[in-house]
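I'd like to walk you through one model, starting with its charged pairs and ending at its surface.

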Amino acid sequence: MLYTTRAITIHCPGPWFVRKIVGQDICHCVESTVVDARSRSMQLTSRNISLQKFIEVEEKIRYDPHPDNPTGWTICQQETRIRIKPLSALASMAEKVEQRCAEKFLQNSVKGREVMERICKYLEAESSSLAL
């Protein structure tokens, strides 16, 4: 089993006036990864550590071998939870901010899957050349 934890800094999503209200343009997050070689699975969990008094975001992604074709296919399950904390200044627009965050996470999740697919193809090509 391989356990890793890393710090991530991202630009805050949402409209400029929300960033003005919270007083920050960046958000710090922590990503924990567990790779289990025996079960051939990987689980990533990311959550924000800054801006928690305004918003809580937690994303979980899990990769497992597909039961119908464990050596050829992978199942990717992704779950994201976004919760805007009620503040009088943001209460009326909390739903819009949550929707914008959800849209941004959907866009980024597609990019993440594409990166993972490229890495898998690269590793497959490398292992094929080593087998010769």
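**Salt bridges, core and surface**

So, let's begin with the charges: there are six salt bridges in this structure. Please keep in mind that the model is predicted.

One of these pairs is Glu-56 with Arg-83, whose side chains meet at 3.5 Å, N to O. Glu-56 sits in strand β4 and Arg-83 in strand β5, so this bridge ties together parts that are 27 residues apart in sequence. Both partners are partly exposed: Glu-56 has a relative accessible area of 21%, and Arg-83 has 39%.

Now look at Arg-81 and Glu-58, which also form a salt bridge, at 4.0 Å from N to O. Here too distant parts of the chain are linked, with Arg-81 in strand β5 and Glu-58 in strand β4, 23 residues apart. Is Glu-58 buried or exposed? Glu-58 counts as buried, because its relative accessibility is 14% and the cut-off for buried is under 20%. Arg-81, at 38%, is partly exposed. Setting aside residues up to four places away in sequence, Glu-58 touches Thr-45, Ser-46, Arg-47, Glu-79, Thr-80 and Arg-81.

A further bridge joins Arg-62 to Asp-64, with the closest N and O atoms 2.8 Å apart. Arg-62 is partly exposed at 30%, while Asp-64 is buried at 17%. And through shared partners, salt bridges connect Arg-47, Glu-56, Glu-58, Arg-81 and Arg-83 into one network.

Let's move to the inside. The largest nonpolar core has 10 residues, among them Cys-12, Cys-27, Cys-29, Phe-54 and Cys-101. Strands β2 (26–36), β4 and β5 (74–84) each supply at least two residues of this core.

Cys-29 is buried, with a relative accessible area of 12%, whereas Cys-76 is partly exposed at 31%.

Finally, helix α2, which covers residues 94–131. Met-116 lies in this helix and is partly exposed at 22%. Leaving out neighbours within four places in sequence, Met-116 is in contact with Met-42 and Tyr-63. Ile-119 is in helix α2 as well, partly exposed at 40%. Together with Val-115, Tyr-122 and Leu-123, Ile-119 makes a nonpolar surface patch of about 380 Å².

Methods:
Residues are numbered from 1 along each chain as its sequence is written. This is a predicted model: local features need pLDDT of at least 70, side-chain atom pairs count only at pLDDT 80 or more; totals for chains, interfaces and linings use all residues. Side-chain values use heavy atoms; hydrogens and water are left out. Patches are made of residues with over 30% relative accessible area and no salt bridge: like charges are joined within 9 Å, nonpolar side chains (Val, Leu, Ile, Met, Phe, Trp, Tyr) within 5 Å. Accessible areas come from the Shrake-Rupley method with a 1.4 Å probe; for residues, only the protein chains shown count as cover. Helices (H or I, at least four residues) and strands (E, at least two) are DSSP runs, numbered from the N terminus. Buried means under 20% relative accessible area, exposed over 50%, partly exposed in between (1.4 Å probe, protein chains only). Contact means heavy atoms within 4.5 Å. A nonpolar core is a set of buried Ala, Val, Leu, Ile, Met, Phe, Trp, Tyr and Cys residues joined through side-chain atoms within 4.5 Å.
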